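Thanks for coming. I have one model to go through today, and I will keep to what was computed from its atoms.

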Amino acid sequence: MAGKLEGRMIAVLATDGVEQVELVECRKALDQEGAITRLVSIKAGEIQGMNHLDKADTFPVDATIEEVDNGGLQALFVPGGAVNPDTLRMDPAAVDFVRWFYDHDKPIAAICHAPWMLVEADVVRRMTVTSWPSLQTDIRNAGGTWVDEQVVNDHGVVTSRKPDDIPAFNEEMIEQFQVGRIKGRHKSEVAPL
């Protein structure tokens with residue numbers, strides 16, 4: 001029996017400092033549903049995973065942002081860890097990559113500190129999201145509504161707070177990635193860059 005995401009190409013955006021459990025467990029859930037996940041990064045080679053503040057495993061990068069063909073991608077997953085999205089949001093190509101998915105009505109899932117990428121890409125305006133609690137002021141300042149909930153799906157942008165929420169996050173992410181587009185969002189709602 002085919003999985004819910006059979007043959008769908010999903011970008012996993014991460015760099016050094018990614019929270020290993022979020023990268024591994026969420027990617028595994030996508031793969032088990034038949035998705036083809038590609039680890040996309042701002043650098044080639046390998047990225048360093050973390051168990052909170054401790055170095056963990058390294059992971060091979062499938063493609064850099066410059067190498068990947070966005071047109072073949074159906075959805076985007078961004079794992080957290082404080083360092084990973086903080087580094088990514090300083091890279092204009094990474095920010096543009098996230099914004100591309102939003103502008104093309106493709107679903108996005110971001111957990112823990114990863115909603116920083118949504119803030120930096122200026123896509124949280126008029127959106128309800130959750131995240132690691134330290135991001136709530138950034139989200140509000142960017143025009144979003146922050147809530148302390150296990151998982152939130154606002155028009156195809158799925159967010160979650162922390163590793164403990166991974167089971168609920170995975171379930172919602174898979175369901176939204178199966179739908180394959182952001183429902184109910186109009187182009188007029190897109191905040192200008």
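Residues are numbered from 1 along each chain as its sequence is written, and side-chain values use heavy atoms, with hydrogens and water left out.

Confidence. pLDDT is the predictor's confidence in each residue, from 0 to 100. The chain average is 93, and 93% of the residues score at least 70. Over residues 186-193 the pLDDT stays under 50, and for that stretch the model has 19 contacts beyond four places in sequence; contact means heavy atoms within 4.5 Å. Where pLDDT is low, the predicted coordinates should not be read in detail.

Now the helices. Helices (H or I, at least four residues) and strands (E, at least two) are DSSP runs, numbered from the N terminus. The expected span of a helix is 1.5 Å times one less than its number of residues. Helix 6, residues 166-179, has 14 residues and reaches 20 Å from its first C-alpha to its last, close to the 20 Å expected. After helix 6 comes Gly-180, with a positive phi near 85 degrees. Helix 1 has 13 residues that should span 18 Å, and its end C-alpha atoms are 18 Å apart, which agrees. Gly-34 follows helix 1, and its phi is positive too, near 90 degrees.

Which residues of helix 6 are buried? With a 1.4 Å probe and protein chains only, buried means under 20% relative accessible area, exposed over 50%, and partly exposed in between. On that scale the buried residues of helix 6 are Ile-166, Ala-168, Phe-169, Asn-170, Met-173, Ile-174, Gln-176 and Phe-177. Their cover includes helix 1 (20-32), strand 1 (9-13) and strand 7 (75-78). Asn-170 counts as buried because its relative accessible area is 10%. Leaving aside neighbours within four places in sequence, Asn-170 is in contact with Glu-25, Cys-26 and Ala-29. Cys-26 and Ala-29 are themselves among the buried residues of helix 1.

Met-9 lies in strand 1. At 21% relative accessibility, Met-9 counts as partly exposed. Beyond four places in sequence, its contacts include Ile-36, Arg-38 and Leu-73. Met-9 and Val-21 are twelve residues apart in sequence and 21 Å apart in space, C-alpha to C-alpha.

Two backbone angles to check. His-52 has a positive phi of about 60 degrees although it is not a glycine. His-52 is in the loop between strand 4 (46-51) and strand 5 (54-60), and counts as exposed at 60% relative accessibility. Arg-126, also not a glycine, has a positive phi of about 65 degrees. Arg-126 sits in the loop between helix 4 (115-120) and strand 9 (128-129), and is exposed, with a relative accessible area of 55%.

Last, the pocket. A pocket here is an open set of points on a 1 Å grid over the protein atoms alone, where a 1.4 Å probe fits, with protein on both sides within 12 Å along at least five of seven lines; lining residues have an atom within 4 Å of a point. The largest pocket holds about 240 Å³ of space, the volume being that filled by probe spheres set on the points. It is lined by 14 residues, and the closest to its centre are Glu-19, His-52, Gly-81, Ala-82 and His-113.

Notes
This is a predicted model: local features need pLDDT of at least 70, side-chain atom pairs count only at pLDDT 80 or more; totals for chains, interfaces and linings use all residues.
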